[in-house]
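Subject: Structure handover

Hello,

Here is the structure I promised to pass on. Please open it first, then read my notes below.

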Amino acid sequence: MSSPSRHAETLAVHAGRAPDPATGAVTPSLVFSSTFARDEQGRLPGGHIYSRTSNPNRAAVESALAALEGGAQALAFASGQAAATAVFAALAPGDRVLLPDDLYHGTRYLAKNEFARWGLVPEFVDTSDLAAIATALQRPARLLWLETPSNPRLKISDIAAAAQLARAAGALVVVDNTWATPVLTQPIALGAHLVLHSTTKYLGGHSDLLGGALVLGADAPAELLARLRSWQNLGGAVPAPFDCWLLLRSLSTLPLRVRAQSATAATLAAWLAEHPQVERVYYPGLASHPHHAVAVRQMAAGGGMISFEVRGGHDAAKAVAGRVRLITPATSLGGVESLIEHRRPVEGPDSVTPPGLLRFSVGLEHADDLRADLAQALG
Ligand SMILES: *Cc1c(COP(=O)(O)O)cnc(C)c1O
């Protein structure tokens with residue numbers, strides 16, 4: 001089922017699925033039951049005992065996610081943040097953790113405000129700069145966290161080179177692959193021990209579910225897997241069966257969606273870069289992006305996310321977000337519908353995001369319609 005010789009399009013449709021032996025149903029059945037009956041010998045015929053521990057719909061989506069990321073194991077969580085919590089909780093008090101200076105603000109606050117109290121020692125580094133990583137690794141670190149492209153400035157970190165540095169220093173490597181998705185980047189093949197997803201975004205793809213996942217490479221330490229499994233089961237932040245069912249269904253179209261969104265985003269990023277009201281465009285597919293060469297090596301396309309700064313800073317950006325008509329002004333990303341967000345005000349007091357930055361999640365609408373909406377909103 002998860003044969004590594006199969007292509008992403010094929011895995012997206014088939015991994016984690018097989019006709020139901022009981023009914024012949026081609027589409028997976030939705031199993032709502034919280035508990036599972038034992039047979040006369042006291043065995044559990046389906047291998048499931050209780051839905052916090054495992055459930056058929058969750059098992060199916062975990063096996064599909066492992067296959068898509070080229071990993072050995074996947075663990076599904078109730079949100080991306082629940083998955084990140086499990087990673088931090090799997091470490092030990094006193095462990096030093098290196099994180100990107102530009103990353104999803106929820107991860108920043110989780111590390112800084114919650115896990116620092118608990119004893120982790122988070123340190124923020126420009127992970128797009130290998131020399132900065134090497135310097136930070138001169139002192140013992142337990143984990144290097146990468147997020148590439150980063151949220152919201154689309155910095156690109158060189159996963160293969162950074163993983164080599166981290167592994168040589170004895171650190172674990174986790175990559176938040178939410179923005180690139182396994183369709184564009186395969187962090188485990190590039191040297192990561194662990195991949196994190198907010199499945200709420202591209203993997204779910206329709207803005208109708210909340211979820212997270214961790215995928216472990218075959219060489220991830222057994223103790224790490226045991227701790228993450230334990231945290232998933234005992235912490236209990238697991239996704240509901242219906243969310244797993246929706247996610248598995250959405251994975252079928254993931255490669256098609258991400259390629260279409262990337263193609264439209266590339267067109268719009270090039271257009272925005274020429275627009276007189278736009279000061280700067282952050283898109284790794286543009287040759288002008290400072291890490292374009294790494295992006296070309298590590299990403300199959302530039303992705304569906306664009307950030308851009310409008311002239312006039314905070315007020316101008318707020319006005320543009322208020323004038324879009326087709327694009328929806330809302331947080332989140334990766335859905336079929338385009339979303340735009342004035343990012344700094346939602347990131348809180350520690351935000352390092354430029355005040356005029358708009359984060360644009362390109363949906364599946366026609367590029368010409370999106371361009372027309374942006375043109376009228378930019379004025
Ligand atoms: C949204 C997001 C998260 C958090 O995921 P939730 O599902 O909202 O908990 C983590 N990382 C990145 C890059 C994200 O965009």
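First, the ground rules. This is a predicted model, in which local features need pLDDT of at least 70, side-chain atom pairs count only at pLDDT 80 or more, and totals for chains, interfaces and linings use all residues. Residues are numbered from 1 along each chain as its sequence is written, and side-chain values use heavy atoms, with hydrogens and water left out.

**The sheet**

R96 brings us to strand 2, residues 96-100, which pairs with strand 3 in the parallel sense over 5 bridges. Pairing here requires that DSSP finds at least two bridges between two strands. Strands (E, at least two residues) and helices (H or I, at least four) are DSSP runs, numbered from the N terminus.

Both strands belong to an open sheet of 7 strands, in the order 1-7-6-5-4-2-3, with mixed pairing. Strand 1 (73-77) and strand 3 (121-125) stand at the edges. Each has a single partner strand, so one side of each is left without a neighbour in the sheet. On average, neighbouring strands of this sheet are turned by 20 degrees against each other, direction ignored. Axes are lines fitted to C-alpha atoms, for helices over the stretch in contact; angles run from 0 to 180 degrees between N-to-C directions.

**Helices across it**

Helix 4 (residues 105-118) lies across strand 2, strand 3 and strand 4 (143-147). Helix 4 runs at about 150 degrees to strand 3. Helix 6 (residues 159-168) lies across strand 4 and strand 5 (172-176), at about 170 degrees to strand 4.

**The whole chain**

The chain has 14 helices and 12 strands. Its radius of gyration, taken over C-alpha atoms, is 21 Å. The globule rule (2.2 Å times the number of residues to the power 0.38) also gives 21 Å for 379 residues, so the chain is as compact as a globular protein of that length. Of these residues, 53% count as buried, meaning under 20% relative accessible area with a 1.4 Å probe, protein chains only.

**Two domains**

The chain is divided into domain 1 (8-251) and domain 2 (254-378). Those bounds come from an automatic or database domain assignment. The C-alpha centres of the two domains lie 26 Å apart. Between them, 40 residues of domain 1 are in contact (heavy atoms within 4.5 Å) with 42 residues of domain 2.

Best wishes

Key
Buried means under 20% relative accessible area, exposed over 50%, partly exposed in between (1.4 Å probe, protein chains only).
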